Amino acid sequence: MSTFESVEAGETGETARRTITEADVVNFAGVSGDFNHHHTDEERMESTEYGERIVHGAFVFAAMTGLLWQSRTPDERDDVIAFYGVDSLRFAAPTFIGDTIHVETEVLETVERDHPRASGTVRYGAGVVNQDDETVLSCELLSLVR
């Protein structure tokens with residue numbers, strides 16, 4: 001049975017957890033070229049409402065996709081044809097170095113498609129949640145699956 005055939009609206013899931021490190025932020029700044037002071041200037045950020053540097057929102061999104069990928073079985077990974085899109089992306093709260101995050105998902109819908117390799121798309125509601133049970137990122141993700 002393919003992933004598409006086995007997924008139903010309303011199903012929920014939760015990934016493993018991951019703690020965001022200083023190295024994550026520094027490496028992401030280098031890879032992305034985003035050296036904004038919010039992420040890289042500890043002294044300047046001490047006097048802001050955050051009191052410290054915040055993690056790149058784009059990094060939190062990328063970490064979310066990694067946690068989701070790691071949570072899939074080998075068969076489910078093989079059935080993913082493509083990351084098809086993202087809707088309603090919101091950075092709801094800051095993420096800080098040292099925060100531990102995980103992803104909570106709910107299948108919102110499945111839509112059959114006429115595609116040479118895929119059976120359809122699966123739309124997930126996804127939330128990145130920190131150690132204080134606060135949602136820091138929310139969005140809807142679409143996967144094209146077998």
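Me: How many residues line the largest pocket, and which lie nearest its centre?
Reply: Please note that this is a predicted model. The lining of the largest pocket consists of 25 residues. Those nearest the centre are Leu68, Ser71, Arg72, Thr105 and Tyr124.

Me: What is the volume of the largest pocket?
Reply: The computed volume is about 560 Å³.

Me: Which elements each supply at least two residues of that lining?
Reply: They are β1 (12–14), α5, β3, β4, β5 and β6.

Me: And how do the lining residues divide into nonpolar, polar and charged?
Reply: Twelve are nonpolar, eight are polar and five are charged.

Me: Let us turn to helix α5. What should its 15 residues span, and how far apart are its ends?
Reply: Helix α5 covers residues 57–71. At 1.5 Å a residue it should span 21 Å, and its end C-alpha atoms are 21 Å apart, so the two values agree.

Me: Which residues of α5 are buried?
Reply: The buried residues are Phe59, Val60, Phe61, Ala63, Met64, Leu67 and Leu68.

Me: Why do residues three or four places apart in an α-helix point the same way?
Reply: An α-helix has 3.6 residues a turn, so residues with that spacing point the same way.

Me: What covers the buried residues of α5?
Reply: The cover includes β2 (18–19) and α2 (22–32). It also includes the strands β3 (80–91), β4 (100–112), β5 (120–129) and β6 (135–145).

Me: Now to β5. How many of its residues are buried?
Reply: Ten of the ten residues are buried, so β5 is largely enclosed by the rest of the structure.

Me: In what sense does β5 pair with β4, parallel or antiparallel?
Reply: The pairing of β4 and β5 is antiparallel, over ten bridges. Within it, Thr110 stands opposite Val122 in β5.

Me: And with β6, how many bridges are there?
Reply: β5 and β6 pair over ten bridges, in the antiparallel sense. Here Gly120 stands opposite Val145 in β6.

Me: Which residue in the hairpin of β5 and β6 takes a positive phi?
Reply: Asp133 does, with phi near 65°. The hairpin has five residues between the strands.

Me: What does Thr121 touch, leaving aside residues up to four places away in sequence?
Reply: Its contacts are Phe4, Tyr84, Glu109, Thr110, Val111, Arg113, Leu142, Ser143 and Leu144.

Terms used. Residues numbered from 1 in each chain as written. Predicted model: local features only at pLDDT ≥ 70, side-chain atom pairs only at ≥ 80, totals over all residues. Heavy atoms only, no water. Helix = DSSP H or I, 4+ residues; strand = E, 2+ residues; numbered from the N terminus. Expected span 1.5 Å × (residues − 1). Buried < 20%, exposed > 50% of the residue type's maximum accessible area, 1.4 Å probe, protein only. Contact = heavy atoms within 4.5 Å. Pairing = 2+ DSSP bridges. 1 Å grid on protein atoms, 1.4 Å probe; cavity = no way out; pocket = protein on both sides within 12 Å on 5 of 7 lines; lining within 4 Å. Points joined across faces, edges and corners; volume = space filled by probe spheres on them. Nonpolar A, V, L, I, M, F, W, Y, C, P; charged D, E, K, R; others polar.
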